[in-house]
Amino acid sequence: MNVLVINAGSSSLKYQLVNVEQHELLAKGICERVGSAEAFHKHGLDKNEEVIDAKMSDHDDAMALVLESLTSGPAKAIDSLDEIDAVGHRIVQGGKYFDRSVLIDQDVIDKIDELAELAPLHNGAALMGIHACQKHMPDVPMVAVFDTSFFQTLPPKAYMYPLPYELYEKYAIRKYGAHGTSHRYISERAAAVLDEPIEDLKLITCHLGNGCSISAIDHGVAVDTSMGLTPLDGLMMGTRCGAIDPAIVPFVMEHENLTGAEMNDLMNKKSGLLGISGISNDLRSVRDASEKGDERAMLAYDMYSNSVKKYIGQYIAVMGGVDAIVLTAGVGENCEKMRRMIFTGLQPLGIILDEEKNRQRGFEREISADSSQVKIIIIPTNEEYMIARDTYDIVHEQMRVEGTVFEVERVVVLGAFSCEPRTWSGPAHRAGPPWYAVHGRPGEQEIPCARPPPCA
């Protein structure tokens, strides 16, 4: 099964085409600056990637360009759109409604839209991606994979805020987390690397990039995470402030004469590494400046590492110990200096970094010392694969279950059915006509069946 994975941003559309059974990446790319005169499109695998300036006024145009690139040109991956069996969409905020990935229907779309106020840039963009796919591939099944679903296992003591309970009842204000697809992937892979059942492990997973989050995963179940109602909470990040004294918000608004929207913009887009260093939200630039003696850059670097270190300590306490700490994303995978700063001082907790292993480059690898009681592991994340896998599982299961039901009903109550030719479309009936409408008793739902009448 070929699954097209879509990650739509407010002005971007990132995608991968994955053959799930063969674990093969067929194509990937991104449409950037959608809606602007500077729009461009990257397409192809590393060996044959092309960068093309292209007019894309909206996500519909971007999706049309993606599908054209997948089926034509020197870097095409498939001959026809008929070879795309399903589409998986990354959705940031699933709120209280979704504790797992789901097949997209109108009710799901309505709920994603309802939750957009908790992730206005992300959920709104995801809906644009969904609508664009529906326009260009109306008969292809689509699945929503939510960043927040993995954290629906958090206990109330972890997800509730100490505010008046009525606010939770009225507005569902609680911790939802983010990056759940990444935390789920690296926790599963860490168990495989350790050759231990995940049900036997206590893991702390660290997604450290421009956006940052840490999670406590106790015997395969998420029990706490650093991001909260929105992705703003928790760790210091590239442009986000993370957790701060809430009283700072009205104080700054009053003294700087800011609106609520302006204050939200300040905390989300002008804070973190960028706000402290005054240089960049990119840790590499901040590191370079700090090594040249820039005091604000040095402070930003120290604050970032200290923020991570504090959450590691908290989650050891929450779980009563830890077997492994897992690092991923741009900073977690690639910045040996930041990893060294994070783990310095944690030796009394049985967490010892091996300096030589930490300097080595590679894929999945352990960087803890042989004497360390706690393993430190680097696992490059693969959220797209998880989205493709969930999409495959849901669509494949639907096809299997529907096929079983059709056969059982047709055999068991054969005398109640009559058949007539009909062209069907939908996830379970895309192998091609002719299909036949099987009528049950008056008022019962029609069922698609591949065998022509008479079937007795």
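Is Leu346 buried or exposed, and at what relative accessibility? Leu346 has a relative accessibility of 6%, so the residue counts as buried. Here buried means under 20% relative accessible area, exposed means over 50%, and partly exposed lies in between (1.4 Å probe, protein chains only). The model is predicted: local features need pLDDT of at least 70, side-chain atom pairs count only at pLDDT 80 or more, and totals for chains, interfaces and linings use all residues. Residues are numbered from 1 along each chain as its sequence is written, and side-chain values use heavy atoms, with hydrogens and water left out.

Leu346 is placed in the loop between α13 (336–343) and α14 (355–359). Helices (H or I, at least four residues) and strands (E, at least two) are DSSP runs, numbered from the N terminus. Beyond residues up to four places away in sequence, Leu346 touches Lys309, Ile312 and Ile351. Contact means heavy atoms within 4.5 Å. Gly313 is 33 residues from Leu346 in sequence, with a C-alpha to C-alpha separation of 8.7 Å in space.

The chain as a whole contains 15 helices and 17 strands. It has 456 residues, of which 49% count as buried. Among contacts with a separation of 6 or more, 59% come from residues 24 or more positions apart. The accessible surface of the chain is about 21,700 Å², and carbon and sulfur atoms hold 51% of that area. Accessible areas come from the Shrake-Rupley method with a 1.4 Å probe; for residues, only the protein chains shown count as cover.

Seven aromatic pairs are present in the structure. In Tyr97 and Phe98 the ring centres are 6.3 Å apart and the planes stand at 65°, so this pair is edge-to-face. Rings of Phe, Tyr and Trp (its six-membered ring) pair if their centres lie within 6.5 Å; planes under 30 degrees apart count as stacked, over 60 as edge-to-face and the rest as tilted. Tyr97 is partly exposed, at 31% relative accessibility. Phe98 is buried, at 7% relative accessibility. A second example of an edge-to-face pair is Tyr185 with Tyr385, at 6.4 Å centre to centre and 70° between the planes. This pair links distant parts of the chain, 200 residues apart: Tyr185 belongs to helix α6 (residues 180–194) and Tyr385 to helix α15 (residues 383–412). Both Tyr185 and Tyr385 are buried.

Ring pairs also join Tyr97, Phe98 and Phe146 into a cluster. The charged end of Lys111 sits over the Tyr97 ring, 5.1 Å from its centre. The criterion is NZ of Lys or CZ of Arg within 6 Å of the ring centre and within 35 degrees of the ring normal. Likewise, the charged end of Lys337 sits over the ring of Tyr301, 4.9 Å from its centre.

Empty space was examined next. Rolling a probe the size of a water molecule over the atoms shows where empty space is left. On a 1 Å grid over the protein atoms alone, a cavity is a set of points where a 1.4 Å probe fits but cannot get out; a pocket is an open set with protein on both sides within 12 Å along at least five of seven lines; lining residues have an atom within 4 Å of a point. Grid points are joined across faces, edges and corners, and a volume is the space filled by probe spheres set on the points. Two cavities of 30 Å³ or more are counted. The largest cavity has a volume of about 50 Å³. Its lining includes Met160, Tyr161, Leu163 and Pro164. Tyr165, Leu167, Tyr168 and Ile173 also line this cavity.

The second largest pocket has a volume of about 430 Å³. It is lined by 21 residues, and Met236, Cys241, Ala243, Ile244 and Met303 lie nearest its centre. At least two lining residues come from each of α7 (248–256), α8 (260–269), α9 (272–277) and α11 (295–319). The most is given by α11, with six residues.

Asp195 has a phi of about 55°. It is found in the loop between α6 and β9 (202–208) and is exposed, at 68% relative accessible area. Ala329 has a phi of about 75°. Ala329 is in helix α12 (residues 329–334) and is buried, at 9% relative accessibility.
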